[in-house]
Amino acid sequence: MKAKLLFPILWSGVFLFAACAPVAPRAPTPDVALIQTSAAQTVIVNLTLTAAVPTFTPLPPPTDTPSSSVPDTPTLEATRAPTLAGGITATPILCDALSFDPATVDVNIPDNTEMQPGQTFVKTWRVKNNGSCTWGAGYRLVFSYGDRMSGQPLPLSGVVGPGQEVEVSVQFKAPTKAGAYLSAWQMANALGRPFPKPIYVKIVVR
């Protein structure tokens, strides 16, 4: 009789213990939207940090030859005159040049010769070709400065080689007004380029 009563009592205790035992809390259900938002924020932060990190481009290695935009300046060498024996430097000879002796240059009409107003005359000089070129066709006297006095140069009498003397002439007409007049002329080559040294005539009209 006691055994039959004890069995139901034990089962009642088991059920009562199970009912009173604490229930284990269930794991919360994760919020999918919250997880996606957090992941997006993480990506944004990582990109921001990556952009904030400066990047350095390595410089090219230095070269031995410096570059320059300024072109090289050519070096000019002075032309030296030839040196003769004994250390004497020869003077360069011009192609076209003349010289004269002051004592013999005026063949006629010396300086301050008196002329009548409007008088025509021919002035002649004796000069020397001291250049390296021969005077030939096209060589002539040309007006340089002063009073031209209607001067017309006469042609050379022939070819004049270097070192030779020659007489050159110009036909003039004296001015009609009284006074002293000077007319300077230069020998010129076939291209019309005058020689360095002029010659002149000087008259006085009364």
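Phenylalanine 172 and tryptophan 185 are both buried. They are a friendly place to start in this predicted model, since ring pairs join Phe121, Phe143, Phe172 and Trp185 into a cluster.

**Aromatic rings**

- Five aromatic pairs turn up when the whole structure is searched.
- One of them is the stacked pair of phenylalanine 121 and phenylalanine 172, at 5.4 Å centre to centre with 25° between the planes.
- This pair links distant parts of the chain, with phenylalanine 121 in strand E3 and phenylalanine 172 in strand E6, 51 residues apart.
- Phenylalanine 121 is buried, and so is phenylalanine 172.
- Phenylalanine 172 also pairs with tryptophan 185: the ring centres are 5.9 Å apart and the planes lie at 80°, so this pair counts as edge-to-face.
- Here too distant parts of the chain are linked, as phenylalanine 172 belongs to strand E6 and tryptophan 185 to strand E7 (residues 179-188), 13 residues apart.

**Strand pairing**

- Strands E3 and E6 (residues 165-173) run antiparallel to each other and pair over nine bridges.
- E3 (residues 120-129) also pairs with strand E1 (residues 98-99), again in the antiparallel sense, over two bridges.
- Lysine 128 in E3 stands opposite serine 99, and in E6 the bridge partner of lysine 128 is glutamate 165.

**A lysine over a ring**

- Which residue lies over the face of phenylalanine 100? Lysine 197 does, at 4.6 Å from the ring centre.

Methods. Residues are numbered from 1 along each chain as its sequence is written. This is a predicted model: local features need pLDDT of at least 70, side-chain atom pairs count only at pLDDT 80 or more; totals for chains, interfaces and linings use all residues. Side-chain values use heavy atoms; hydrogens and water are left out. Two strands pair if DSSP finds at least two bridges between them. Helices (H or I, at least four residues) and strands (E, at least two) are DSSP runs, numbered from the N terminus. Rings of Phe, Tyr and Trp (its six-membered ring) pair if their centres lie within 6.5 Å; planes under 30 degrees apart count as stacked, over 60 as edge-to-face and the rest as tilted. Buried means under 20% relative accessible area, exposed over 50%, partly exposed in between (1.4 Å probe, protein chains only). A charge sits over a ring if NZ of Lys or CZ of Arg is within 6 Å of the ring centre and within 35 degrees of the ring normal.
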